[in-house]
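Grab a pencil and work through these exercises with the structure open beside you. Try each task before you read its solution.

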Amino acid sequence: MALPIAVLVSGSGSNLQSIIDRIEAGVLDAEIKVVISNKPGAYGLERADKHGIESRLIPHDEYESRDEFDLALMRAINGAGAEAVVLAGFMRILTPGFLHSFPQRVLNIHPALLPSFPGVHGQGDAADYGVKVSGCTVHFVDEQMDHGPVIIQATVPAYADDDGDSLGARILKMEHRIYPQAIQWLAQGRLKVEGRKVHLAAETPGKAVAAGKAVSVDELKARVDNRVRAGFTRVALAGLAGVPEAVLEDLMAGREITARAFTALYNAVASLAQGQDPACLVNPPLEPGF
């Protein structure tokens, strides 16, 4: 059954669009019940309207306190039947009362590798600092800004001539992949929080999904062979997937491998086919379709 979610936006909503696209592709088991913005004219509301999704404008400056504004949000979210909340560029800090209403059910994405460079200028701060690696983080939301337990992170290379815009554009491509993935894990009930650590439960061994259909062992073997013919060695593919070379050899020999290794290998091969920079690292690995 699809997870009913509310998406909160303050701006263009490009991450909202990536979520809509994965839902419509049959990959993400979620249903957007309502899109809410605190900003008049936010393009995220127009995106919702284009896809027949209920949209609501709740301007924060019409309320005398944060508590009153968040109460209005809660009423709209509960009224729409949403059970989880996804922040997609929502530029407001939520009150404890709001968060307690959706325990471990509020997600956010930040364009930096937390705990480094929190705040609204994460990309620019990272570029100005001169980092060699940056990225993005999906995390559970707690009462502090950009602070809750980390679900998934993706890295991208950073270069000496980067500014916030150029680095941010590179990061955004990975945001659009890891956010739907994190929501899918939440929908599947596979995320368990213990203190600051988020544990991801494994799927049934031997299963993977790409664009809504099962991926067989033979199909993955064929994709590996295609990459080898394109010039990649098995050692390089195993390294990109973060698995021992022996695991790849087991796959190619028809021996059983774990679901996590299967997914990591599929993700590595798919990322090369999609032209993803091999310098990008995602942990936990993206699953097929994301």
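**Exercise 1: a residue in a helix**

Gln184 counts as buried, because its relative accessibility is 5% (buried is under 20% relative accessible area, exposed over 50%, partly exposed in between, using a 1.4 Å probe and protein chains only). Before going on, note that this is a predicted model, where local features need pLDDT of at least 70, side-chain atom pairs count only at pLDDT 80 or more, and totals for chains, interfaces and linings use all residues. Residues are numbered from 1 along each chain as its sequence is written, and side-chain values use heavy atoms, with hydrogens and water left out.

Task: find where Gln184 sits and what Gln184 is in contact with, leaving aside neighbours within four places in sequence.

Solution: 
- Step one, the place: Gln184 is in helix α6 (helices are DSSP runs of H or I with at least four residues, strands are runs of E with at least two, and both are numbered from the N terminus).
- Step two, the contacts: once neighbours within four places in sequence are set aside, Gln184 touches Val27, Leu28, Asp29 and Phe290 (contact means heavy atoms within 4.5 Å).
- Step three, a polar detail: a polar atom of the Gln184 side chain lies 2.7 Å from the backbone nitrogen of Asp29.

**Exercise 2: two helix pairs**

Task: describe how α5 packs with α6, then how α7 passes α9.

Solution: 
- Start with what to look for: two packed helices are described by the angle between their axes and the distance between the axes.
- For α5 (residues 122–129) and α6 (residues 164–187), the angle is about 115° and the axes are 8 Å apart (axes are lines fitted to C-alpha atoms, for helices over the stretch in contact, and angles run from 0 to 180 degrees between N-to-C directions).
- Next, who touches whom: α5 brings Gln123, Gly124, Ala126 and Ala127, while α6 brings Gly164, Leu167, Gly168 and Ile171.
- Sort those by class and you get 4 nonpolar, 4 polar and no charged residues (Ala, Val, Leu, Ile, Met, Phe, Trp, Tyr, Cys and Pro count as nonpolar, Asp, Glu, Lys and Arg as charged, and the others, Gly among them, as polar).
- Now the other pair: the axes of α7 (residues 217–229) and α9 (residues 245–252) come within 9 Å and cross at roughly 120°.
- That angle makes α7 oblique to α9 (under 35 degrees is roughly parallel, over 145 roughly antiparallel, 65 to 115 roughly perpendicular, and the rest oblique).
- The contact uses Val217, Leu220, Lys221, Val224 and Asp225 of α7 with Leu248, Leu251 and Met252 of α9.
- By class, that contact has 6 nonpolar, no polar and 2 charged residues.

Notes
Left-handed = near helix turned anticlockwise from the far one by under 90°. Polar contact = N/O pair within 3.5 Å; in protein donor to acceptor, adjacent residues only side chain to side chain.
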